[in-house]
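This report is meant for a reader who is meeting the structure for the first time. Please keep the sequence and the model in view while reading the sections below.

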Amino acid sequence: MAPDLVNGVLNWVGTPAMVASLLLFYPPYYLFKTCYSFLSWLFPEDLAGKVVLITGASSGIGEYALNRASLALVARRESSLRHVADRALELGARDVVVLPGDVSTPDDCDRFVRTAISHYDRLDHLVCNAGVASVGAFEEIPDVTSYSSQLDVNFWGSVQTTFAALPHLKRSRGRIVVTASATGWNPVPRMSIYNAANAALINFFETLRTELGNQVGITVVTPGWVESEMSRGKFLKEHGQVEVDQEMRDAQIGLFPVEYAKNCAKAMVQAARQGERYLTVPAWFGAMYLWRLFAPEVVEACYRLLYMHGHGARQADAPSRTMAEAGGKQLLYPTSLRSDEIKE
């Protein structure tokens, strides 16, 4: 009876009391955050000589190299890693070690960290950047278990690598930078499993941040569409195989402008150096969160109108692709996305 009474009272007075307290608390809190952000911008962390382990490092690591960090690069394709390592040394990285392997394998995650520690004797930043995207309407997937690899890579790959690296990051009072996706809070149709994996990733690292306090910093990055293999059309398709489908790519991106990878990498490194908790790239994409929060029905209706195909039509024949083909690609896509070339 007592809990019912307490909850009944809180239902009446709790909400207005919490809103009122927030209105009183927020102005000084916002002023404090603004001052702190300004000081962090004036005095960012110096990455010279710091050791950075990056998963999914086939591209986009130039900004760490330019800051003269020492790098441990992880990805499945050793040939791509060798090319990236050479480029990183040209850009100013102090040292680079190449660690080919698969983040979806727990033993590989342990090996990455052990090898980096053996080589450098420390670890300052862990960048969890490995991921694979799926595309396909949920009801048209023949077997949902064929998408389980997506959770293995996107979610468990970051969790397992973090678990192995955490003791070393605590010793250096280092930082974790995790790349999720804006779809973790802005679920786009035909990417349900991918969206769910990113939502899980965001919530895991937000919880870990609370548990760790100031022992290890955490920066959660939620990009919109960024120049990458995914935005070139490389997806996990309905039967669980990775395929290149640029028609489906156009249907998914539609009229969203695609950010250059180098701009995203620059923003990520800057956010890490300044100790930011969150980063959305491009910055304007963060406004989508407000629409999801305050007008979810409107967002859902717009997505259904743009992304969902008619009965009997192919998924790639959605209105969003028609708009992209009508001139959106020429205006909104980087030149690299207008090519049929894609890494195997």
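## Strand E1 and its partners

Strand E1 and strand E4 (residues 125–128) pair in the parallel sense over three bridges, where two strands are said to pair if DSSP finds at least two bridges between them. Helices (H or I, at least four residues) and strands (E, at least two) are DSSP runs, numbered from the N terminus.

Strand E1 itself spans residues 51–55 and is mostly covered, five of its five residues being buried; buried means under 20% relative accessible area, exposed over 50%, and partly exposed in between, with a 1.4 Å probe and protein chains only. The cover extends to both faces of E1, with Val 51, Leu 53 and Thr 55 buried on one side and Val 52 and Ile 54 buried on the other.

## Basis of the model

The model is predicted, so local features need pLDDT of at least 70 and side-chain atom pairs count only at pLDDT 80 or more, whereas totals for chains, interfaces and linings use all residues. Residues are numbered from 1 along each chain as its sequence is written, and side-chain values use heavy atoms, with hydrogens and water left out.

Phe 138 lies in the loop between E4 and helix H5 (148–172). Phe 138 and Ile 193 are 55 residues apart in sequence, and their C-alpha atoms are 8.3 Å apart in space. When residues up to four places away in sequence are not counted, Phe 138 touches Val 144, Ser 192 and Ile 193, contact meaning heavy atoms within 4.5 Å.

## Salt bridges

The structure holds 14 salt bridges, each being a side-chain nitrogen of Lys or Arg within 4 Å of a carboxyl oxygen of Asp or Glu. One of them joins Arg 87 to Glu 90, with the closest N and O atoms 3.2 Å apart. Both residues lie in helix H3 (residues 78–91), three residues apart, which is about one turn of the helix. Arg 87 is partly exposed, with a relative accessible area of 45%, while Glu 90 is exposed, with a relative accessible area of 60%.

Another salt bridge brings together the side chains of Arg 321 and Asp 317, at 3.3 Å from N to O. Arg 321 counts as buried at 15% relative accessibility, and Asp 317 counts as partly exposed at 37%. Arg 321 and Asp 317 also belong to a network of salt bridges that links them with Glu 247, Arg 249, Asp 250, Glu 325 and Lys 329.

## Helices H10 and H11

The axes of helix H10 (residues 296–307) and helix H11 (residues 319–332) come within 5 Å and cross at roughly 65°; axes are lines fitted to C-alpha atoms, for helices over the stretch in contact, and angles run from 0 to 180 degrees between N-to-C directions. H10 and H11 are therefore roughly perpendicular to each other, since angles of 65 to 115 degrees count as roughly perpendicular, those under 35 as roughly parallel, those over 145 as roughly antiparallel and the rest as oblique.

In this contact, Leu 305, Leu 306 and Tyr 307 in H10 meet Pro 319, Ser 320 and Met 323 in H11. The residues of the contact divide into five nonpolar, one polar and no charged, where Ala, Val, Leu, Ile, Met, Phe, Trp, Tyr, Cys and Pro count as nonpolar, Asp, Glu, Lys and Arg as charged, and the others, Gly among them, as polar.
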